[in-house]
Amino acid sequence: MTKYSLSAIFFIAFFVSSCGYNQVVLRGGGLDFNSIKFDETVPQNFKDQVSYFFNTGSSDSSQVNNHLDITSYSAKEYNIYAGNALRALEGEITLMLQVELRLNDSFVRKSFSSTKRYKSNELNPLAQNQMIKLLKESMQKEIIQQIIIEVSTLEMWGHVN
């Protein structure tokens, strides 16, 4: 093989392999809602995260009735005492909320929850509070992912029927 044919093969292989690559664009649920309503129990950081993943105020006339209502947000902490120590050995955080989802003709009311356990034998109470805060944020992201899956499933079944 000559230099010309090797360079042509390399150029063609490089050109063909690079054609399929695009910039990755992250978009949450892939759906615009006419309105997203929150209960007074929902904290502001969770409202911001939900608003980031789902667009509101769509002007598209093809979307007749798309609403998302998030209510009954609660984060409960439970300490687990064991052994002869005077303080808890583990802690458990449970985050729960209810979602009402209306997509065109479909209506779904679901409860979402996430539970995490953590070791509470940290000597620094500020570090333990920061760990609990980070756990709650990760649990909020898990619940948002669950909501996205539910929205995608409902949207998929709405387009199939």
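Start by selecting Glu92, which stands opposite Arg117 in strand 6. Strands here are DSSP runs of E with at least two residues, helices are runs of H or I with at least four residues, and both are numbered from the N terminus.

Before going further, note that this is a predicted model, in which local features need pLDDT of at least 70, side-chain atom pairs count only at pLDDT 80 or more, and totals for chains, interfaces and linings use all residues. Residues are numbered from 1 along each chain as its sequence is written, and side-chain values use heavy atoms, with hydrogens and water left out.

**Colour by confidence**

pLDDT is the predictor's confidence in each residue, from 0 to 100. The protein chain has a mean pLDDT of 81, and 81% of its residues reach 70 or more. Among the elements, the lowest mean, 71, belongs to strand 3 (residues 55-56), and the highest, 91, to strand 5 (residues 90-103).

**Show the cartoon**

Three helices and six strands make up the elements of the protein chain. Read from the N terminus, their order is α-β-β-α-β-β-β-β-α.

Four strands form an open sheet in the order 2-4-5-6, with mixed pairing. Its edges are strand 2 (35-38) and strand 6 (106-119), each of which pairs on one side only. Neighbouring strands of this sheet are turned by 20 degrees against each other on average, direction ignored; the axes are lines fitted to C-alpha atoms, and angles run from 0 to 180 degrees between N-to-C directions. Now keep strand 5 and strand 6: they pair in the antiparallel sense over 14 bridges. Two strands count as paired if DSSP finds at least two bridges between them.

**Select the core**

Next, pick Phe46, Phe54, Leu68 and Leu97, the residues with the most contacts inside the largest nonpolar core, which has 27 residues. Such a core is a set of buried Ala, Val, Leu, Ile, Met, Phe, Trp, Tyr and Cys residues joined through side-chain atoms within 4.5 Å. Two or more residues each come from helix 2 (44-53), strand 4 (66-80), strand 5, strand 6 and helix 3 (125-160). Helix 3 gives the most, with nine residues.

**Finish on helix 3**

Select Glu137, found in helix 3. Glu137 is partly exposed, with a relative accessible area of 27%; buried means under 20%, exposed over 50%, and partly exposed in between (1.4 Å probe, protein chains only).
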